[in-house]
Amino acid sequence: MKRLIINSTHLISRGIFLALCLIVSFSLGISAQEKLSADSIAPSLDKNGILTDSIKSVIPVVQDSITAEVMNIAMATDSVAKKDSIPSEFKERKIFNPDPTKAVWMSALCPGLGQIYNRRYWKIPIVVGGYVGLAYATSWNGRMLKDYTRAYRDIMDSDPNTKSYMDFYPSTTKEEDIDTEWLKRSLKSKKDFYRRNRDLCIISMVGLYFICMVDAYVDASLSKFDISPNLSVQFAPTVVDSEDMRNKSMGVQCAFIF
């Protein structure tokens, strides 16, 4: 837009200067004609004092030249305006600046929405994959815990009809051949093992929920952080002065450039 204004001003100034030159030259021509003798002027006038055809033929030429110059200036101005004109939709391009508070609330509403709001779409498979894996692990450990809990309860009671612990052995195995005390310890250990794994999976799902919230907040807050190549750290050897200014020691100097 600044270029358009400068070019238009230049062309208008040029036209004004040309018109002034033509006016001055025409005035000088009239004053020079007045200094001539009456005999030289008389043949160019008729009885009524009207200009002859030779002088009349000069006026249209001057007028045509001025008109042509003005038209050229107008055409040049239009061409510059068309060349430098920018569509309205490209004049102002909005820069996306995410709001950290909004990103946190969206992630709290549903894990992954904060990443979508921040336009970090590559993080969505990580969030979804993490929840799918933890949900499957929680379900599998829960089923195993249920089976071992029932088997341990059956072997600890005195009811001979509850023998679910025999499902862990082949059908050809007899109950008399099993070490009952060892089986009780084994079932209790397995039961505690799968309960612990199930609880860890649930805790991990809660932790992933808060990690998504923190990631959305940090990502939105650092969206304007300068990551240009000018950010750097330099290490260099240096001489460190002591307090008494007598002894000096060697050290390493760290400089942050931003």
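Analyst: Buried means under 20% relative accessible area, exposed means over 50%, and partly exposed lies in between (1.4 Å probe, protein chains only). At 3% relative accessibility, Cys 212 is therefore buried, while Cys 110, at 36%, counts as partly exposed. The model is predicted, so local features need pLDDT of at least 70 and side-chain atom pairs count only at pLDDT 80 or more, while totals for chains, interfaces and linings use all residues. Residues are numbered from 1 along each chain as its sequence is written, and side-chain values use heavy atoms, leaving out hydrogens and water.

A disulfide is a covalent bond between the sulfur atoms of two cysteines. Here the term is applied to a pair of cysteine sulfur atoms within 2.5 Å. The count by this rule is zero. For Cys 110, the nearest cysteine sulfur belongs to Cys 212 and is 9.2 Å away, and Cys 110 is in no disulfide. Cys 212 is likewise in no disulfide, its nearest cysteine sulfur being that of Cys 110.

Now the confidence. pLDDT is the predictor's confidence in each residue, from 0 to 100. The protein chain averages 74, and 59% of the residues score at least 70. Over residues 1-8 pLDDT stays under 50, and the model has eight contacts (heavy atoms within 4.5 Å) beyond four places in sequence for them. Residues 30-52 also stay under 50, with twelve such contacts. Where pLDDT is low, the predicted coordinates should not be read in detail.
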